Amino acid sequence: MNPDVMTRDQITKVVFGNKYEIDDGTQNGDCIFVFGGTYIDRVEKAVELYKNGRAPYILFTGGDKWGQRNPPEAVFLRDEAIKRGVSNEAILVEQISNHTKENIMASLIILDRAIGLEKINRMLLVSSPGHMRRCLLMLKTFMPPWYEYVWCPDNRALGQSHNWWTGAEQERRVNDELRKIIGGVKGKYFVDDDISFEDEL
């Protein structure tokens, strides 16, 4: 793929996914996997999924971002979830990672100790809408190969598949993400995947 010649529709499908890849509310999971950050939108989405009975655990990931976060991202997210009524017993915390790849790799031991990697079949993924493709490719690279994933992007107003090009900052972020995805595959940072550009039914 050449990001400089891709259409808006192609960029949208690569970064944000096709409609069939996005959560339709019908699939439950063994854990809600929340990627690191200090975004309340991610907490709210994870809590919504948990309270709807979609999974018995929420895993919050994210460390101190090389000393820039105090408390660590996962601790901040956990505390916000508890404020919203989630039981502390239902929350898992990974707090040593500094970026997306580490979110995943550092979570393997947490998941294994709390649930058992062999007992997990499907995880519900929560992050910003434009981050989901890269998250998925990294999960397919570093997590057990039988796992299934459901994209559950947060509900932020901006940076969605239908409006990312309407603001300069959001457009810049999406184009940066596109290059990270393409560069990550080419650099063997994570696995490649098939993406359909056909019109959805």
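**Figure 1. Salt bridge between Arg179 and Asp4 in the predicted model.** Arg179 counts as partly exposed, since its relative accessibility is 37%. Its salt-bridge partner is Asp4, and the closest N and O atoms of the two are 2.6 Å apart. The pair joins distant parts of the chain: Arg179 belongs to helix α6 and Asp4 to the segment before α1, 175 residues apart. Asp4 has a relative accessibility of 60% and therefore counts as exposed. The structure holds 17 salt bridges.

**Figure 2. Salt bridges of Arg78 with Asp79 and of Glu80 with Lys83.** Arg78 and Asp79 meet through their side chains at 3.0 Å, N to O. Arg78 is partly exposed at 23% relative accessibility, and Asp79 is partly exposed at 31%. The side chains of Glu80 and Lys83 meet at 3.1 Å, N to O. Both residues lie in helix α3 (residues 73-83), three residues apart, about one turn of the helix. Glu80 is buried, with a relative accessible area of 11%, whereas Lys83 is exposed, at 63%. Through shared partners, salt bridges join Glu44, Glu80, Lys83 and Arg84 into one network.

**Figure 3. Aromatic cluster of Trp146, Tyr147 and Tyr149.** Five aromatic pairs are found in the whole structure. In one of them, the ring centres of Trp146 and Tyr147 are 5.6 Å apart and the planes stand at 80°, so the pair is edge-to-face. The rings of Tyr147 and Tyr149 have centres 6.5 Å apart and planes at 65°, so this pair is also edge-to-face. Trp146 is partly exposed, with a relative accessible area of 46%. Tyr147 is buried at 6% relative accessibility, and Tyr149 is buried at 15%.

**Figure 4. Arg156 over the ring of Tyr39.** The charged end of Arg156 is 5.3 Å from the centre of the Tyr39 ring.

**Figure 5. The largest nonpolar core and the surroundings of Met143.** The core has 33 residues, and those with the most contacts inside it are Phe33, Leu111, Met123, Leu125, Leu139, Met143 and Tyr149. Elements that each supply at least two of its residues include α1 (8-16), β1 (31-34), α4 (100-114) and α6 (168-186). Helix α5 gives the largest share, six residues. Another core, of 19 residues, lies apart from the largest one, with Ala74, Ala81, Val126 and Cys152 among its members.

Conventions: Residues numbered from 1 in each chain as written. Predicted model: local features only at pLDDT ≥ 70, side-chain atom pairs only at ≥ 80, totals over all residues. Heavy atoms only, no water. Phe/Tyr/Trp six-rings, centres within 6.5 Å; stacked < 30°, edge-to-face > 60°. Buried < 20%, exposed > 50% of the residue type's maximum accessible area, 1.4 Å probe, protein only. Lys NZ or Arg CZ within 6 Å of the ring centre and 35° of its normal. Core = buried A, V, L, I, M, F, W, Y, C linked by side-chain atoms within 4.5 Å. Helix = DSSP H or I, 4+ residues; strand = E, 2+ residues; numbered from the N terminus. Contact = heavy atoms within 4.5 Å. Salt bridge = Lys/Arg side-chain N within 4 Å of Asp/Glu carboxyl O.
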